[in-house]
Amino acid sequence: MMSGDSEEQKPKWLRVMDLQTPVRFSETVQSALDSVADPEDPFNKPDFCAISYINHLFPSEPSLGHVGQVMADVQRQIDQVDQEISDILEKQSVAQLDSEALLEQTKQAMRELFGRIMDIKRQTDMSETTVKEITRDIRQLDLAKKNLTASITTLNHLHMLVSGLESLESFVKTKNFRDISNLLPGIQNVLEHFSQYMTVPQIKALSDQVNSIRIELADLTTTEFKRYFSGGFKKASGQQQSVPIEDVCLVLSVLDRTVREGLISWLIDQQLAEYKILFDDTQDDAWLDKIDLRFSWFRDCLIEFERKHAALLPAEWDVACKFAAEFFHLTASMLDQVMEKRCVELDAKLVLFAVQRAANFEALMARRFPGRAQTLFQSVLVGRFQKRMSIYTASLDKTLTDLIDQLVAKFQQLGPPSAEYGTSAVPIPTSSDLFVFYKKSIQQLLQLGMNANILVDLSRLFKKYLHEYAQRCLTGLLPKIASTHTTTTAGLLQSFLKEGDMPRLSNDEIYLVCCILITAEFCAETSHQLQEKLKEKAGDLALHEAFDFTNEREMFHGVVSSCVQVLVQDLETACEPALQTMTKMQWANVDTVGDESRYVASIRQHLRQCVVRIRDCLGQARKYFMQFCFRFVNAFVPKFINAILRCRPVSITGAEQLLLDTHALKTELVNLPVLESAAGRKPPEAFTKLVIKGMTKAEMILKLVMAPVDPDPGTFVEHYINFLPESDVVEFQKILDMKSVRKNEQTAIMDIFREKKAALDSKNDLNADRGGVASDAALSSGDNSSLDSRIRKLEKLVKKRF
C-alpha cells in the first residue's frame, strides 16, 4: 500500500509528476469530456488522484500479487482510448475537407448573386432617368393648367363681387332688406377669397366699398329696430314701420355680432326701465314681503314677448333667455340695496319667505330654459340672502332653546317611561324630536339652494344643542344617589341606619336609568349619522372641523357611563349594610364553623334582585350590562377586602368562617352575569378572571390570619410576601391586628417585613405565579402541619356546601 512519503524518499519519476494533485480543466473542457466519456468512470472525474486510485486498487501488501493483471487491464483501456482517438481524428480530417469544399461553393454563389444585383440596379437607374424625362413636360402642362384655372376662378369671383356690389347698393337705396340678407353673406364670402390680394388698389377699393355698405346697413337697421321697439315689448308696433321688422332682423343676423348684441341689450334695458321705477327701493312693492310682485311682472313681460314677438326675432338670438338673465342680475342687485337700507326690518320668517320664493322662481326659470340654468340662474337670487342667513341661525338658536324647554316640560308632564310596555328599556319618547327637527332644518336649507357655508354654521348650532339636550334631558333626569364614601355628619348618621332604611333606587327609577342609557346610545349613533349626512351635503367642505361630531358622541358615551355608575352605586349602597354587619361581628368568639353567615345571604339577595332587574332592562344592550357587572366587581371586591381587614381581632375559627363566606361570595360573583338566567350561558372568561383575581386576595389574607407567627416571625413574613407580593406596610399591620399581635411585638415583625420587602423589590426577575405556588407549598409544610390540616378540612367543607 502506498503512503505519502516525504519529498526526499519519493522516486525520481514520482517527484517529476505530482500524482497527488488532481487535474483541473475549465468548465467548457469538462463538459465536452462528459459528453464523450462516461462521467462515472474514475479516470474521468475532475478530482481524480492517481495515488488515491492506486491505494484503492492495492489496499494491502497481499493485493500486490495482482499487479500484473491490473496493469494488463489498464493497458487494454489505454489501447482502446488510443483507437477511439485515432478514429475521431480520421473522421475530423475528412469532415474538414468536405467543409472547405462547401465553403468555396458558397462564396462562388454569393459572387454570382452580387453580379445579378448590380445589373438590376443599373437597369433601375436607367428607367428612373427615362421616367423623369417623360414627366418633365407633364408637370409643366399641369402647372399651366393650375394657373389658368386659378385665373378664371379669380376673374369669376371678381365679376361676382363687382356685380354683387352694384346690386347691393341698389337694394340699400330701396331698403330691400330681405334681398340684402341673402346677398350680403355671399359678397362677404367672395371677398374672403381676395384677402391675399389686398395690396392691389382695385381690390382694396372694392373691400372699402363693402365695409362702407356694412356701416350704412348697421345704421339703417338700428334705426328701424329702435323705431319698432321704442316702447319695449308691450308697446312695440309696426304701424309706422316702413319695412317688415323680420327683414331687418335677417340683415342684423348677417352683420357684425356687436351690432346685434348692442340692440338686444338696448331692447332689454328699454323693457327693464319700467321695472326699475316700479320696484325702486323707495317703493313699498320693493320689500321682501312683496317679492312675488317682481316675479309676476317679469312673467307677464315674458308671456307678452313670446305671444307677440318671439316669431319676429330669430331663435338663435335667444332674446328671452338673455332677458331673464339680465332680470335676475338686476333683481339681485336691487334686493341687496333694499335689504341694506331696511336691514332693521329683517327677521328670520321674512328672510325664509323671500328665499323660498326666490328658490321657486329659479327652479321655474330652470325648467323654462333647460340646459342653461346651471350658469345663468342657479343661486343668483338665493345667493344674495346668504350673508343674511345669520338672522335665520339666530332665530333657529332661539327655536332650539324653546324646543329643549318643551322636551323638559313634556318629560315632567308625562313622567318617565313606564315599564308596563315590557321589561326591556326603550329610548325616551322625546329623544327623536331633536333629531327630527335637525333633519327638517337641513332639508329646508337644501331645498332653498343654500351653499355649504350655511351648513357649517348649522352644524355648530346642532353641536351646541346636542350638549344642551344631554345635560338637561338625560343627565339632569338621572336619580341622585349619595356617595357611600361620604364623611359628612349626614353620611355618618346614614351609615347607622338599618338596612331597610338605606336610600335605594325603586324599580321605576332603575328602569328610568336604563331608558336614559339606551337613549344616550341612540343619540350617539344618530349623531354619527347626522355627521355623515352633513359631510355628504357639504361637498368640498366635508373635512371642515364643524362636521366632526366625535366630541358629541363621546359626550353621549359619557352619559352612558354615568348611567352605569348610578346602577353600580345603587347596588353598592344595597350591600353596604351587610358589610357593616360583617365588621361588627365578634369574630374572636367564633368557636365553630357552620353555615354561611347572615350577611352573605343578605348580599346574595340584593345581588339577585338588582342584577336580574338590570339584566332584563338592558336585554337589548348586553354590552352595557356586562360593563355594569365589571364595574360593580371592581368596586365591591376592594370594599369587601377592606371590610375583612376591619374585622379584628379574628380567631382561627373565625378566619375559617370568613374563608367559607368569602368562597360563597366568590361563587356568587362569578355567576353574576347569569344569575337566574334560563339561557344557559357561561360568564365571560375575562369577567371570571377578574372575580377570581380579586377574591383570591381576600382568601390569601384569611389564610395568613390562620398562619402562626411564632416561633419564627421571619418565616411568617416570607409567607406573607409570597402570598401578597403587592401588599404594603399598612395592610401588613392590619393583618397583624387581626391576629391580635401585641403592639410591642408588631414593631420587630414590621422591621423584618420592610427588610424582606425591599430585598424582594430589587429582584425584577421574580415570577409572581411561581412565588404564589411556592407560598402554598411553604405554608403546607414544615412547622405548619396543623394549619395544613385545618385548611384541608375547610376545603372539604366548602366543596360539600357548594
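Serine 740 is found in the loop between helix 25 (729–738) and helix 26 (743–761). The helices I name are DSSP runs of H or I with at least four residues, and strands are runs of E with at least two, both numbered from the N terminus. Phi of serine 740 is near 65°, a positive value in a residue other than glycine. Serine 740 has a relative accessible area of 45%, so it counts as partly exposed; buried means under 20%, exposed means over 50%, and partly exposed lies in between, with a 1.4 Å probe and protein chains only.

Before I go on, two notes on the source. This is a predicted model, in which local features need pLDDT of at least 70 and side-chain atom pairs count only at pLDDT 80 or more, while totals for chains, interfaces and linings use all residues. Residues are numbered from 1 along each chain as its sequence is written, and side-chain values use heavy atoms, with hydrogens and water left out.

Let me turn to the chain as a whole. The protein chain contains 28 helices and 0 strands. It has 802 residues, of which 39% count as buried. The chain exposes about 45700 Å², and carbon and sulfur atoms supply 54% of that area; these areas come from the Shrake-Rupley method with a 1.4 Å probe, and for residues only the protein chains shown count as cover. Among contacts between residues at least 6 apart in sequence, 78% join residues at least 24 apart, where contact means heavy atoms within 4.5 Å.

Aspartate 318 sits in the loop between helix 10 (291–308) and helix 11 (319–341). With 26% relative accessibility, aspartate 318 counts as partly exposed.

Helix 11 also holds threonine 331. Threonine 331 counts as buried, because its relative accessibility is 0%. Leaving aside neighbours within four places in sequence, threonine 331 is in contact with Tyr275, Arg294 and Leu381.

Aspartate 247 counts as buried at 9% relative accessibility. Apart from residues up to four places away in sequence, aspartate 247 touches Phe177 and Arg178.

I now come to lysine 463, in helix 16 (residues 452–474). Is this lysine 463 buried or exposed? Lysine 463 is buried, since its relative accessible area is 14%. Not counting residues up to four places away in sequence, lysine 463 touches Glu545, Ala546, Asp548, Phe549 and Glu552. One of these, alanine 546, is 83 residues away from lysine 463 in sequence, and the two are 8.7 Å apart in space, C-alpha to C-alpha. The side chain of lysine 463 also places a polar atom 2.8 Å from the backbone oxygen of aspartate 548. For such a polar contact, the criterion is a pair of N or O atoms within 3.5 Å; within protein, one must be able to donate a hydrogen and the other to accept it, and residues adjacent in sequence count only if both atoms are side-chain atoms.

How many cavities of 30 Å³ or more does the structure hold? There is 1. A cavity is a set of points, on a 1 Å grid over the protein atoms alone, where a 1.4 Å probe fits but cannot get out, and lining residues have an atom within 4 Å of a point. The largest cavity has a volume of about 50 Å³; grid points are joined across faces, edges and corners, and the volume is the space filled by probe spheres set on the points. Its lining consists of Leu407, Val408, Phe411, Ile428, Thr430, Arg472, Cys473 and Leu477. Helix 14 (389–414) and helix 16 each supply at least two residues of this lining, and helix 14 gives the most, with 3 residues.

Two further loops complete the survey. Arginine 648 and proline 649 are joined by a cis peptide bond, with omega about 0°. Proline 649 lies in the loop between helix 21 (622–646) and helix 22 (652–670). Aspartate 712 is in the loop between helix 23 (685–706) and helix 24 (713–723), and it counts as partly exposed at 41% relative accessibility. The side chain of aspartate 712 reaches the backbone nitrogen of glycine 714 at 3.2 Å.

Conventions: On a 1 Å grid over the protein atoms alone, a cavity is a set of points where a 1.4 Å probe fits but cannot get out, and a pocket is an open set with protein on both sides within 12 Å along at least five of seven lines; lining residues have an atom within 4 Å of a point.
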